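I opened this notebook to record what I looked up in one protein model. The entries follow the order in which I worked.

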Amino acid sequence: MRIEQEIRLDFKDVLIRPKRSTLQTRADVDLTREYTFKHSQFSWKGMPIIASNMDHTGTFAMAESLAKHKLLTAIDKFADLKEWKQFHAKHPKLHKYCFATTGIKPEDAAFLDKILKAVPTPFICIDVANGYTQRFVDCIRTLREKYPTKTLIAGNVVTAEMAEELVLAGADIIKVGIGPGSVCTTRLKTGVGYPQLSAIIECADAVHGLGGHLCADGGCVSPGDVAKAFSAGADFVMLGGMFAGHEECSGEKIQEDGKWFMRFYGMSSSEAMYKHHGRMNAYRASEGRSVNVPYRGKVENTVLDILGGLRSTCTYVGAQRLKELSKRTTFLRVTQQLNEVFAALQVNEVVNDN
């Protein structure tokens, strides 16, 4: 047993210091990124935000809406082959904004092969809760050999040395985050985790040194957090809770006291286990919570709010392009971020159209 004394930070622990800027308006900011990935050598250009591969948010309806703004969607691994074919037939050009998600079981690999033969998506998301197992590393190597031109995103990990190992095994994008998600209870049930901001900073340094890319997965609850993730060195940011509750999500709609909600749960929760596997194995604990989130209508307004917040961040530090944001960022450690005197009250914004 050993103790590391250095303090690690989360999004709530910092603010971004403003700097003198010559930008005239938020409209001058370019949020698109263009990447060529280390192993696949595939080049992609778009907005580097990804809807999480949870069954609630990783839907084809979400992919259709987000692709209008050149955002990505990681389709959940329980989407069947017929759904993939129908989506591709209806939107033959949108596959470049979709990840096909897979696990590390033999049946997962067989199903992934069927999807990729039917739909030429360039992205594969290899998703496990614990990215520290040798079995996971071996799976990445196998998929890299089988699909040399596909871009692999793999995770989750939170430490530099393991992020490096996944890049060396064949992953193009490393997914970082253990426990920060809004419906994740891994830290509660296991005591394992890593503050997300520090995880991004440390892993980004390691991954970029090997020519790889990093996706920050979890912990963002506001556009400001998304900005902090990019500022810390993330190339992509994956969002679950921030995209939850929208019309494009799957899940039951529930009415309570005249208000509408949608069911949202972690993919390691008992509810997810029973839904997709018919049981909760006795050897494991539920590592996710189930909640009813307020119904939020179309995802369009949320997307515009996130992108608008990012543009504002860039203007505050003088970054004309999202690519420059991390180079222009100085984080300040703080004890308080917000004035929350009215946080418990519902604020109705009035838009003046005159």
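**Entry 1, ground rules.** I noted that the model is predicted, that local features need pLDDT of at least 70, that side-chain atom pairs count only at pLDDT 80 or more, and that totals for chains, interfaces and linings use all residues. I number residues from 1 along each chain as its sequence is written, and side-chain values use heavy atoms, with hydrogens and water left out.

I located Cys 184 in the loop between β9 (173-176) and α6 (186-190); helices (H or I, at least four residues) and strands (E, at least two) are DSSP runs, numbered from the N terminus. Cys 184 is partly exposed, at a relative accessible area of 22%. Here buried means under 20% relative accessible area, exposed over 50%, and partly exposed in between (1.4 Å probe, protein chains only).

The unreviewed UniProt entry also lists Gly 179 and Gly 181 under "binding site". I found Gly 179 in the loop between β9 and α6, and Gly 181 in the loop between β9 and α6. Gly 179 counts as buried because its relative accessibility is 14%, whereas Gly 181 is partly exposed at 26%. Leaving aside neighbours within four places in sequence, Gly 179 is in contact (heavy atoms within 4.5 Å) with Cys 184, Thr 186 and Arg 187. On that basis, leaving aside neighbours within four places in sequence, Gly 181 is in contact with Gly 218 and Gly 219.

Which residues touch the most other members of the largest nonpolar core? I recorded Ile 49, Val 226 and Phe 243, out of 100 residues. Such a core is a set of buried Ala, Val, Leu, Ile, Met, Phe, Trp, Tyr and Cys residues joined through side-chain atoms within 4.5 Å.

I placed Ser 198 in helix α7. Why does Ser 198 count as buried? Ser 198 counts as buried because its relative accessibility is 8%. Apart from neighbours within four places in sequence, Ser 198 is in contact with Arg 8 and Leu 9.

Note on methods: UniProt positions renumbered as here; feature names shortened; annotations may be inferred.
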